[in-house]
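Please look through the sequence and the structure below before reading on.

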Amino acid sequence: MKNWREVESKIKNSKHTVILSHRSPDGDSVGSSLALYHYLKNYIGHVQVITPDPAPKFLSWLSGFDTILNYQENEDIVNQELKKADLICCLDFNTPSRMGDLEKAFHLNQDAYIINIDHHQDPDDFSNFQLSETSASSTCQLIYDFIYGLKGTEKLSIELGEAMYTGIVTDTGSFRFSSTSKHTHNVVAELIEVGINPGKIHENIYNNYSIDRLKLLGFVLVQRFKVYEKYNAAIIYLPEEDLNQFNFQKGDTEGIVNYPLTVANIRMSILITEKDGKVKMSFRSKGDFRVNELSSKYFSGGGHFNAAGGISDVGVMETVKKLEEIFPEYEKELNA
Ligand code: 5GP
Ligand code: MN
């Protein structure tokens, strides 16, 4: 049972709230954090959004973006923020380890009331109030439900709505993934009623890239794209040297993993990128192939049915080899 009365009173009585989300911030984690930030600012004197590492620049037009603190560059201030908090909101993740190093700072505080709002599978029980719905399109959509549950929808504003729409549009692949529901569109209808301009937000998110980012995309599709017709699968691999050559900025590889799925018959696409010596993986699939299972079995990862992530403990080319050895296990499913 969710105790709406209790959570409402914790918000009303909070003096110092922090909002946390997962590492490698994306449209939904930053969008949900800023949407909740704008909402809570109506009630709470001090609200601080914290990310484990810097939020990507492609979201810098969002109102409140400049107030975000990242742990990587502000460890001491973030530790202080967490120690002082009486309310901690954990957004867009199902277990504290998804915050990376920020998890340590989170555990500094054992007294705060913890709210968890998230849409990932298998949520851990680490909060006092949990709104977890794995069928929801995005955490941003759940922020709407949270505000609705608090009977606070009259506080929706354009700046809040823009942040909320950003997470919905990025996590649904612009309303095309199967997680997009009637309710998703109803929430967006409410936001349009409030006054957001979806066209303007799309421009800000999708038509705002650097020349280097577009050239990186072209290079990748010609030089770093491997197709495995036998398995209806594709891999894109990007060693750090490639990223450096194109002046990589955070967010530049966002969306690249989706391109292979535009080819008929390709059911699974995997992106391998190397940053600061760490090898990160992104998995996407079409139809009923579960990439979260593959990623959790072999790459300490997880996520959703058709979109998952993970990490590899070997180099980029070894990771390609490892995947080539894994593919036969899934040949039947990938051809089903
Ligand atoms: P992305 O490929 O965009 O980084 O991640 C896609 C989805 O996979 C995210 O929404 C998140 O749910 C999940 N995910 C990404 N990285 C990880 C990871 O390292 N561990 C787990 N458990 N899930 C991840
Ligand atoms: Mn999300």
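## The manganese site

Which residues coordinate the manganese ion (ligand 2)? In this predicted model, the manganese ion is coordinated by D28, D92 and D171, each through an OD atom, and by H119 through NE2, at 2.2 to 2.4 Å. Along the chain these donors follow the spacing D-x63-D-x26-H-x51-D.

Is H119 buried or exposed? Its relative accessible area is 2%, and because buried means under 20%, H119 counts as buried.

## The surroundings of ligand 1

Around ligand 1 there are 14 residues, of which H120, K280, S282, R284 and G309 come nearest. For three of these residues a distance between polar atoms can be given: a polar side-chain atom of H120 lies 2.5 Å from an oxygen atom of ligand 1, an N or O atom in the side chain of R284 is 2.9 Å from an oxygen atom of the ligand, and for the side chain of K280 the corresponding distance is 3.0 Å. On its own, ligand 1 has 490 Å² of accessible area, and the protein covers 82% of it.

Which strands supply at least two residues each to the shell around ligand 1? They are β10 (278–285), β11 (302–303) and β12 (307–312), and β12 gives the most, with four residues. Sorted by class, the shell holds eight polar, four charged and two nonpolar residues. Ligand 1 lies between domain 1 (4–206) and domain 2 (211–334), because both domains give residues to its shell.

T172 is found in the loop between α6 and α7 (182–194). T172 is buried, with a relative accessible area of 0%, and a polar atom of its side chain lies 2.7 Å from the backbone oxygen of I168.

## Two residues with positive phi

Most residues other than glycine have a negative phi. Against that background, two residues can be picked out here: K151 has a positive phi of about 55° although it is not a glycine, and N232, which is not a glycine either, has a positive phi of about 50°.

Where in the chain are K151 and N232 placed? K151 lies in the loop between α5 (139–149) and α6, whereas N232 lies in the loop between β7 (225–228) and β8 (233–238). K151 is exposed, with a relative accessible area of 69%, but N232 counts as buried, at 16% relative accessibility.

## A glutamate in helix α8

E203 has its place in helix α8 (residues 198–206), and at 44% relative accessibility it counts as partly exposed. The side chain of E203 is joined to the side chain of N207 by a polar contact of 2.9 Å.

How far apart are E203 and S137, in sequence and in space? They are separated by 66 residues in sequence, and their C-alpha atoms are 21 Å apart in space.

Definitions and conventions:
Residues are numbered from 1 along each chain as its sequence is written. Chains are lettered from A and ligands numbered from 1 in the order in which they are written. This is a predicted model: local features need pLDDT of at least 70, side-chain atom pairs count only at pLDDT 80 or more; totals for chains, interfaces and linings use all residues. Side-chain values use heavy atoms; hydrogens and water are left out. A residue is near a molecule or strand if one of its heavy atoms lies within 4 Å of it. A polar contact is a pair of N or O atoms within 3.5 Å; within protein, one must be able to donate a hydrogen and the other to accept it, and residues adjacent in sequence count only if both atoms are side-chain atoms. Accessible areas come from the Shrake-Rupley method with a 1.4 Å probe; for residues, only the protein chains shown count as cover. Ala, Val, Leu, Ile, Met, Phe, Trp, Tyr, Cys and Pro count as nonpolar, Asp, Glu, Lys and Arg as charged, and the others, Gly among them, as polar. Domain bounds come from an automatic or database domain assignment. Donors are N, O and S atoms within 2.8 Å of the metal (3.2 Å for Na, K and Ca); water is not among the atoms, so sites may look incomplete. Buried means under 20% relative accessible area, exposed over 50%, partly exposed in between (1.4 Å probe, protein chains only).
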